Amino acid sequence: MFLQTLVTGLSIGGIYSLMAVGYSLIFSILSFSNFAHGAVIMLGAYIGLALATQLHLGLGLVVAGSVVGAGILSVCNERVAYAALRRRRAPSLFLMISAMGCSVFLENMVYATIGSRFYTFPEFFKRQVVHVAGSSLSLLDLFAFAVSIGAIFALHIFITRTKTGIAIRAGVGDMTMCSLMGVNTDRLISIVFFLAGAFAGVAGVFLGIKYLVYPTMGWVTNKAYIAAVIGGLGSLPGALIGGLILGVVETLVSTYLSSVMRDVFSFTMLITLLICLPNGLMGLETEEKV
Amino acid sequence: MTAPREMYLEIRNLHVYYGNIHALHGVNVDVGKGEIVCVVGVNGAGKSTLMWAIAGVLPIAQGAVLLNGARLPAAPHEIVNLGISLVPERRRLFSALSVRENLIMGAMRRKDKEGIESDMERCFSLYPVLKERLSQRAGTLSGGEQQMLAISRALMSRPMALLLDEPSLGLAPLVVESLFATILKIRDEGVTILLVEQNALQALEISDRGYVLQTGEIATSAPSAELIENPLIRKAYLGEDA
């Protein structure tokens with residue numbers, strides 16, 4: 001029972017991490033919380049749904065299609081809603097308000113066009129289970145967990161080993177200097193938004209498979225946002241660890257205490273942590289020597 | 001004043017606003033190929049504004065910066081691609097990145113892997129201490145080492161011209177001396193240098209020509225040797241009684 005709960009928690013935590021990574025990436029480079037991220041996740045789920053139900057593609061292609069689609073939508077989101085503000089050096093609060101507007105707009109677009117119906121994905125795993133040490137673990141949970149970890153690990157390699165990754169980290173510290181190194185910062189920001197969108201696409205498909213697809217499903221990103229803050233906004237390992245902790249704690253609470261207590265617990269954890277460690281578990285320290 | 005043999009960088013009637021402040025009023029500066037030209041002036045004279053405007057970070061309200069007679073593009077990354085590299089005041093290193101990653105950032109516009117490696121070696125021969133600190137985070141270096149890294153980072157783009165903004169700021173006199181010696185070395189390797197300094201005497205000693213910037217305007221300009229002898233300059237900038 002415990003092992004089963006743990007695996008469920010880790011799989012939910014993995015999905016939280018995928019979403020938290022998107023928040024963290026964008027926060028670290030533009031210093032604002034992109035509240036349109038939930039809408040991109042929702043659209044990613046719809047893209048995946050369309051590929052699965054209309055084109056009858058397999059899970060791999062569904063995820064791939066959603067990654068590309070949500071990535072492109074995320075880049076468009078930045079170009080339309082943030083780029084102009086950014087160039088005028090608007091305070092990050094304005095970007096956040098623009099993001100909220102985008103989120104409301106996109107959700108209502110879906111209501112107006114696709115409708116408010118709840119959709120389900122075709123069953124990719126047919127409730128398959130793996131038996132380990134007396135517990136039956138859902139194959140979907142294991143798969144979701146493995147893909148989440150794998151994707152975040154791949155991102156970590158990209159960020160630390162490639163030239164573009166180094167440029168992203170440099171841009172996090174000082175975007176102006178980054179442009180003085182010959183980096184086209186508009187393009188760099190688009191790459192970051194594409195990455196965030198790609199992760200949103202994976203998260204959207206898994207959320208849709210695990211639960212349902214509907215216009216306000218993106219609100220679950222509240223949880224991912226908590227995960228990102230717990231881990232330390234702007235930190236990739238932080239997003240991963242924050243997501244996993246939140247997922248496991250939530251599942252343990254709803255299994256052993258009560259599912260009503262779940263959100264009370266998550267938010268209490270967030271507030272306590274912010275009081276004790278305002279920068280989160282792995283928050284970035286800034287240092288400059290003059 | 002004698003014109004340089006071959007004009008390289010021409011700053012023509014430059015007007016720049018810094019926020020609401022009209023920081024530069026029609027500044028003219030010529031930099032010839034292979035020269036070290038220095039701009040001296042007190043705090044707030046507009047020296048850094050001039051550098052940021054040439055590098056494309058601050059928008060030019062009026063006037064132009066010409067490179068080999070052609071107007072510079074507006075975006076900073078396009079200006080770097082033409083071979084003009086800025087080492088800004090206070091270094092502005094990527095402090096969370098390692099020394100090596102800072103150098104890689106400097107070479108961002110280049111694709112020639114071997115050239116990049118050999119240029120890194122060139123930086124180490126100029127500043128051997130950087131080689132020992134390669135995997136250390138740039139933010140943990142001493143002030144002098146940070147300045148060496150900042151210059152090396154700019155050199156990694158293989159610039160034709162280097163813009164140095166207050167390289168001596170906050171450094172011990174001995175460190176400044178060796179730093180200025182390397183600036184001469186860099187020039188001897190064929191890099192044109194525009195140097196902005198509050199530390200007027202040392203800047204004039206290593207430069208070919210000098211400009212005095214006063215509240216956003218060029219007050220006077222002359223070969224550096226003449227400026228050093230000028231009693232008014234000595235009084236105003238070198239702290240001597242006339």
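1. In H1(B), the buried residues are Lys47(B), Thr49(B), Leu50(B), Met51(B), Trp52(B), Ala53(B), Ile54(B) and Ala55(B). The helix covers residues 47–55 of chain B, and 8 of its 9 residues are buried, so it is largely enclosed by the rest of the structure. Gly56(B) follows H1(B) and has a positive phi, near 95°.

2. The model is predicted, with an ipTM of 0.92 and a pTM of 0.92. The mean pLDDT of chain B is 92, and 95% of the residues score at least 70. Within chain B, the lowest confidence falls in helix H10 (residues 231–237), with a mean of 81, and the highest in helix H3 (residues 99–106), at 97.

3. Which residues have the most contacts inside the largest nonpolar core? They are Met19(A), Val192(A), Phe199(A), Ala203(A) and Leu163(B), in a core of 166 residues. Helix H8 of chain A (residues 185–210) gives the most to this core, with 16 residues. In soluble globular proteins, nonpolar side chains tend to be buried together.

4. Setting aside residues up to four places away in sequence, Leu163(B) touches Met51(B), Ile54(B) and Ala55(B), along with Ile84(B), Ser85(B), Leu86(B), Val87(B) and Leu194(B). Met51(B), Ile54(B) and Ala55(B) are among the buried residues of H1(B).

5. Between the chains, 19 residues of chain A are in contact with 24 residues of chain B. On the side of chain A that touches chain B, H6 and helix H7 (175–180) each supply at least two residues. H6(A) gives the most to that side, with 6 residues. By class, the residues of chain A on that side are 8 nonpolar, 5 polar and 6 charged.

6. H6(A), residues 163–173, also packs within its own chain: its axis and that of helix H5 (residues 139–161) of chain A come within 5 Å and cross at roughly 80°. An angle of 65 to 115 degrees counts as roughly perpendicular, which means that H5(A) is roughly perpendicular to H6(A). H5(A) makes this contact through Phe158(A), Ile159(A), Thr160(A) and Arg161(A), and H6(A) through Gly165(A), Ile168(A) and Arg169(A). The contact of H5(A) with H6(A) has 3 nonpolar, 2 polar and 2 charged residues.

7. Most residues other than glycine have a negative phi, and most peptide bonds are trans. His56(A) has a positive phi, near 55°, and is found in the loop between helix H2 (37–53) and helix H3 (59–87) of chain A. His56(A) counts as exposed because it has 10 C-beta neighbours inside 10 Å.

8. The other is Thr215(B), whose phi is also positive, near 40°. Thr215(B) is found in the loop between strand E9 (209–214) and strand E10 (217–223) of chain B. Is Thr215(B) buried or partly exposed? With 13 C-beta neighbours inside 10 Å, Thr215(B) counts as partly exposed.

9. Ala107(B) is another loop residue, found between H3 and helix H4 (113–126) of chain B. Ala107(B) has 23 C-beta neighbours inside 10 Å and therefore counts as buried. Apart from neighbours within four places in sequence, Ala107(B) is in contact with Ile116(B), Asp119(B), Met156(B) and Ser157(B). The C-alpha atoms of Ala107(B) and Met120(B) are 9.5 Å apart in space, and these residues are 13 residues apart in sequence.

Note on methods: Residues numbered from 1 in each chain as written. Chains lettered and ligands numbered in written order. Axes fitted to C-alpha atoms, helices over the stretch in contact; angles between N-to-C directions. Helix = DSSP H or I, 4+ residues; strand = E, 2+ residues; numbered from the N terminus. Parallel < 35°, antiparallel > 145°, perpendicular 65-115°, else oblique. Contact = placed C-beta atoms within 7 Å. Nonpolar A, V, L, I, M, F, W, Y, C, P; charged D, E, K, R; others polar. pLDDT = per-residue confidence, 0-100. Core = buried A, V, L, I, M, F, W, Y, C linked by C-beta atoms within 7 Å. Buried ≥ 20, exposed ≤ 12 C-beta atoms within 10 Å, placed from the backbone.
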